[in-house]
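Here is a friendly walk around the ligands of this structure. Have the sequence and the 3D view open as you read on.

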Amino acid sequence: MPQVAETAAMPPPGGPCEGSGGLVAALTAGEQEVARVMQICNACRYCEGFCAVFPAMTRRLAFGKADTHYLANLCHNCGSCFHACQYAPPHDFAVNVPRAMATVRGRTYQDYAWPPAFGRLYQRAGLTVALALAGGLALFLVLAAAMTGGLLHAPLGGNFYAIFPHNLLAALFGVVFLFAMLALGIGVARFWREISPAGEAGAAAPMTTVGVPAAAESVADVARLTYLGGGHGEGCNEDSDRFTLWRRRFHQLTLYGFLLCFAATCVATLYHYLLDRHAPYAFDSLPVILGTLGGAGLIVGPVGLLWLNVRRDALLTDPSQKAMDRGFIALLLLVSATGFALLVLRDTRFMALWLAIHLGTVMALFVTLPYGKFVHGVCRAAALLKFNIEKRLPNRLGLGGD
Ligand code: SF4
Ligand code: SF4
């Protein structure tokens, strides 16, 4: 294993640091720690094949603010480099890449949030707030249903719009969803501008030879969750140095469950507006099949992720972000569980009650999308795109293994 000289250059505490984007602002304590461990890793390079972080690191000699943000979002906290590291605690170097990256990564969600004042919501987007928000919105809709037509009613054949008119639901959820997409879009654009400044080498890389193939590879990386394979295909470390693919599997179930539920909503919207086919849809219709498969993924995936989250080695994570992780998982579970309850009870006298509860949880999920754990997927996709562009360009240092 390569030996690192004890004199590895460190960034001056709190001072400015030169990174790939030139002279940049003073680093926070968390960013300084990422810069410090990356300088040690850059001399060692034992973990080069584990994930995208290390090849990206080799293209840099110093690590500015933007570099630490980029690398932190490339890291998916698999823990492999910690278990492999000869400089991990109790060594004096105390190298703990997963934790250093996790700390900065959590901070980037806040830094690039839009509107900026909402960034502090990340600190509050915990389990309690998620449950309180879902409960509050569900209660509001339950009361609204009770005041308009009564909570218990004769079976309505699954006709949701007899409780809440279609146009009211479309307007209410349309506004919240569009705001969430706008906030996420502006947030990730701010992140992208920071990690890929206009003057940077490669910022104007040709689209046909670099941009398009890099984008295609990034989509494939996200679709396959390539790096959750650990670089050797055996997976991540969770509570020990044993590799496991369960994190990848539960992430895939959650991702595809979410996408299938989204597809079900899109198909139902097309049915309504283009084909004049209105809900309720039969159990064997496309929207219900897609929603049922997606809902199953959104039960099994989040339950598994919660199980892994509880067992996860605390040394590898930023403990302050556990609440955010669990809040998001809880909302996904609530949405899928109440969705299934509504599907089963839609032709009974309890439909209005379950419709209100389900809509309240869906609304809470949408409201918190730009200010909770969901953002990690968007920022990681952007970091992967930068990585896939960068690796197609000549390494200006000429030192990296790639
Ligand atoms: S994590 Fe440790 S073993 Fe891996 S590259 Fe860094 S210093 Fe080397
Ligand atoms: S924790 Fe995993 S993903 Fe993060 S830098 Fe280490 S090996 Fe890469």
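Two helices, α1 (29–44) and α4, each supply at least two residues of the shell around ligand 1. Helices here are DSSP runs (H or I, at least four residues), numbered from the N terminus. The model is predicted: local features need pLDDT of at least 70 and side-chain atom pairs count only at pLDDT 80 or more, while totals for chains, interfaces and linings use all residues. Residues are numbered from 1 along each chain as its sequence is written, and chains are lettered from A and ligands numbered from 1 in the order in which they are written.

With three residues, α1 gives the most to the shell around ligand 1. For ligand 2, the elements that give two or more residues are α4 (80–84) and α5 (97–111), and α5 provides the largest share, three residues. The table sets out both shells; a residue is near a molecule if its C-beta atom, placed from the backbone, lies within 6 Å of it.

| Ligand | Residues around it | Nearest residues |
|---|---|---|
| Ligand 1 | 13 residues | Cys-41, Cys-44, Tyr-46, Cys-47 and Cys-85 |
| Ligand 2 | 14 residues | Cys-51, Cys-75, Cys-78, Cys-81 and Pro-98 |

How high is the mean pLDDT of the protein? The mean is 88, and 90% of the residues reach 70 or more; pLDDT is the predictor's confidence in each residue, from 0 to 100. Over residues 5–24 the pLDDT is below 50. Where pLDDT is low, predicted coordinates should not be read in detail.

How values were computed: Contact = placed C-beta atoms within 7 Å.
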